[in-house]
Amino acid sequence: MNRIEKYNYNGRTDDAAVPERIHQLIKDYNGESGVPVLAGFSSDEGVNRNKGTVGAAEGPFKVREKMSSYAFMNDLYDFGTIIGTENLEQSQQSLGDAVYEIYKNDSFPIIIGGGHETFYGHYLGARQAFRGKIAILNFDAHLDLRDERPSSGTMFHQILSEDHEADYYCLGLQPQGNTKTLYDTADKFGVEYYTIDEVRETDASDKVAEQLKKYDAVLMTLCMDSIQQAAAPGVSAPSPNGYTPLEIHRLISRFATLPNLKSFDVSEVSPPLDINDQTSAMAASIIHKFLSVRASF
């Protein structure tokens, strides 16, 4: 297991006797059942291998900083942050072990990356916990189906090549960011994918929501580069025409209520590339929305 680092929450306090902000009520996770559990993955080795601009390793800490003073009054726990190394595969396995530790106690992991290589570790933990058919729901500008050395651009190719009981749905693709080879690979694996315009102009999200009901488990992942650059500039590959803040909050809220949704991750927040912490604040807001909308864990 890689080193685990705990985060020291602090922030505004109105009344020390009334815990009504995240920093006042969040607790270290010690095997509690039926609760939401934050877990960080401090890694951008996958981004580096994918020839992107690094910095996402700082994401788990800055996003927590932005969440710390948010108003909140329900149970919330923090596992800590897995500190990644240049051995990406070992780091992803360590994240998988941490995620499985949360799953086996019937709790709900909410993972803060890290580059989008975070998702492969997320998946490894899920596959230890769940048998049967699983669905991956990805909000992303990119298919991430490269067939090469593991990186932040290969996770879904790795999974679909190894796991014939996994299906992949991708919402929000940017056509200029995906080559014909990537689309051909998606078609070969039977991926259901929609561009950002198709999400906006058709019933794609309704269709996907209905299809997801048939799975034993759904894993949801958000790559922050799917959000428009004006609202989320601090990512390795910004999208000028990505989701607006309103669009992504509505989508996450909708899918957060799926009864068979087992976990959620937010990846590709890169504080060194950010402007006035906009991207970290956006990720924190999305996680808070998810926590507020999901009725039970």
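E101 is partly exposed, its relative accessible area being 32%, where buried stands for under 20% relative accessible area, exposed for over 50% and partly exposed for what lies in between, with a 1.4 Å probe and protein chains only. This residue forms a salt bridge with K104, the closest N and O atoms being 3.4 Å apart, and by a salt bridge I mean a side-chain nitrogen of Lys or Arg within 4 Å of a carboxyl oxygen of Asp or Glu. K104, at 46% relative accessibility, is partly exposed as well.

Before I go on, please keep in mind that this is a predicted model, in which local features need pLDDT of at least 70 and side-chain atom pairs count only at pLDDT 80 or more, while totals for chains, interfaces and linings use all residues. Residues are numbered from 1 along each chain as its sequence is written, and side-chain values use heavy atoms, with hydrogens and water left out.

D14 is bridged to R12, with 2.7 Å between the closest N and O atoms; here D14 is partly exposed at 42%, whereas R12, at 54%, counts as exposed. K180 forms a salt bridge with D184, and their closest N and O atoms are 2.8 Å apart. These two residues are 4 residues apart in helix α7 (residues 180-189), which means that about one helical turn separates K180 from D184; helices (H or I, at least four residues) and strands (E, at least two) are DSSP runs, numbered from the N terminus. K180 is exposed, at 62% relative accessibility, and D184 is partly exposed, at 38%. Elsewhere, salt bridges that share partners join K62, E65, K66 and D277 into one network.

Which residues have the most contacts inside the largest nonpolar core? They are L137, F139, L212, M224, F255 and F264, in a core of 51 residues, a nonpolar core being a set of buried Ala, Val, Leu, Ile, Met, Phe, Trp, Tyr and Cys residues joined through side-chain atoms within 4.5 Å. Helix α11 (residues 278-293) supplies the largest share of this core, with 7 residues. If we leave aside neighbours within four places in sequence, F139 is in contact (heavy atoms within 4.5 Å) with a set of residues including L171, M220, L222, Y243, I248 and F255. There is also a second, separate core, which has 38 residues and includes F156, A166, L182 and V191. As background, nonpolar side chains in soluble globular proteins tend to be buried together.

Helix α6 (residues 155-162) is mostly covered, with 6 of its 8 residues buried, and these are M155, F156, H157, Q158, I159 and L160. Their packing partners are α5 (118-129), β6 (134-139), β7 (166-173), α7 and β9 (217-223).

Strand β3 (residues 36-42) has 7 of its 7 residues buried, so the strand is largely enclosed by the rest of the structure. From β3, the residues P36, L38, G40 and S42 point one way, while V37, A39 and F41 point the other way. How many bridges does β3 form with strand β5 (residues 108-113)? The two strands pair in the parallel sense over 6 bridges, pairing being assigned if DSSP finds at least two bridges between two strands, and P109 in β5 is the bridge partner of V37. β3 also pairs with strand β4 (residues 77-83), in the parallel sense and over 6 bridges, with S42 opposite I83.

Finally, the rings. Rings of Phe, Tyr and Trp (its six-membered ring) are paired if their centres lie within 6.5 Å, with planes under 30 degrees apart called stacked, over 60 edge-to-face and the rest tilted, and by this rule there are 12 aromatic pairs. Y7 and Y9 have ring centres 4.9 Å apart and planes at 85°, so this pair is edge-to-face; Y7 is partly exposed at 21%, whereas Y9 is buried at 11%. Ring pairs also link F108, F264, F290 and F297 into a cluster.

A charge is taken to sit over a ring if NZ of Lys or CZ of Arg is within 6 Å of the ring centre and within 35 degrees of the ring normal. The charged end of K188 sits over the ring of F189 in this way, 4.7 Å from the centre, and K6 lies over the face of F79, at 6.0 Å from the ring centre.
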